[in-house]
Amino acid sequence: MTASDFPDYPFTPARFEVRPGIGMSFLDEGPRDGEVVVMLHGNPSWSFYWRHLVRGLSDRYRCIVPDHVGMGLSDRPDDGPDASPRYHYTLQSRVGDVDALLRHLRITGPVTLAVHDWGGMIGFGWALRHADQVKRLVVLNTAAFPLPADKRMPKRLSFGRDSRIGGYLIRRFNLFARGAARMGTKRSLPADVRRGYIAPYTGWKNAISTLRFMQDIPLGEGDQAWPLVVEAGRRLPEFADRPVFLGWGLRDFVFDRHFLKGFTDALPRAEVHAFEDAGHYVLEDRHEVLVPAIRAFLDKHALDSHALDSDPLPRD
């Protein structure tokens with residue numbers, strides 16, 4: 001697969017070795033001296049999810065959009081004990097990968113963090129150690145805290161997280177990406193767009209990350225990602241002093257009103273755009289509204305010294 005295989009994705013991804021022997025694909029679109037917007041996708045999507053926003057911002061803003069390891073156009077290393085290279089598909093690894101990418105690009109100055117789905121925990125996990133760099137937030141159908149007490153774990157996620165049969169079916173038949181492409185929106189997606197979400201994960205090897213993301217969902221103290229999720233939730237109100245944009249599809253079967261309330265409680269000054277007619281992939285359902293709204297939000301809260309600490313070396 002190459003970038004040209006996908007609709008509305010007129011980009012040329014770059015690559016770098018995020019870990020020894022493991023390549024990460026990422027977009028770096030827009031002027032080098034533009035205000036930096038880091039966009040982090042979740043599961044089972046990839047940088048393709050952000051394509052409309054990249055096109056709507058990259059004339060002025062520098063858009064950095066990775067494909068997490070095992071996702072999109074990045075490498076798919078195994079995680080078996082004898083694998084070489086071997087990758088641990090955990091939240092902590094994802095946070096480390098984002099840090100490695102931004103160090104590779106010499107991004108040491110202010111950033112806007114845009115997150116969706118599991119990208120929320122990855123992004124806020126990174127932000128815990130880089131809070132001074134995070135000047136604005138764009139938050140779309142995601143979480144940065146444990147499952148709310150009055151929200152039940154969806155059975156469709158438990159099927160992959162906790163069932164061997166479910167895990168086998170997800171990898172064998174690419175069930176999670178296929179299901180998300182059909183049920184993640186209220187708008188019926190064109191066939192080529194659905195394929196854009198499904199194709200990267202077709203085949204046992206290619207679907208490894210879609211399952212490992214599910215298996216890493218933290219629900220209690222025994223789960224590896226639990227301490228980081230709890231810490232992110234505890235510190236989330238620390239970000240209430242900066243501009244925050246919340247864009248929400250209220251028909252999301254996972255990140256529903258319970259999660260939106262979690263963010264509005266912690267970030268009470270946020271600018272909220274909630275849609276009764278949008279689902280999990282809110283940028284697919286409502287990109288015609290959200291992209292100009294996000295652009296207006298960023299323009300309104302422009303940064304004065306966005307590039308002072310970034311190294312202006314040319315692209316690799």
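Helix α6 gives the largest share of the lining of the largest pocket, five residues. The structure is a predicted model, in which local features need pLDDT of at least 70 and side-chain atom pairs count only at pLDDT 80 or more, while totals for chains, interfaces and linings use all residues. Residues are numbered from 1 along each chain as its sequence is written, and side-chain values use heavy atoms, with hydrogens and water left out. Helices are DSSP runs (H or I, at least four residues) numbered from the N terminus.

A pocket here is an open set of points on a 1 Å grid over the protein atoms alone, where a 1.4 Å probe fits, with protein on both sides within 12 Å along at least five of seven lines; lining residues have an atom within 4 Å of a point. The largest pocket has a volume of about 570 Å³, taken as the space filled by probe spheres set on the points. Its lining comprises 32 residues, and D117, L157, F176, I217 and V254 lie nearest the centre. Two or more lining residues come from each of α4 (155–162), α6 (175–183) and α8 (208–215).

Turning to another region, the axes of α2 (residues 91–104) and α3 (residues 119–127) come within 9 Å and cross at roughly 65°, the axes being lines fitted to C-alpha atoms over the stretch in contact, with angles from 0 to 180 degrees between N-to-C directions. Contact (heavy atoms within 4.5 Å) involves L91, R94, V95, V98, D99 and L102 of α2 and M121, I122, G125 and W126 of α3.

The second largest pocket holds about 210 Å³ of space. Among the residues lining this pocket are V95, D99, G125 and W126, and α2 supplies the largest share, four residues.
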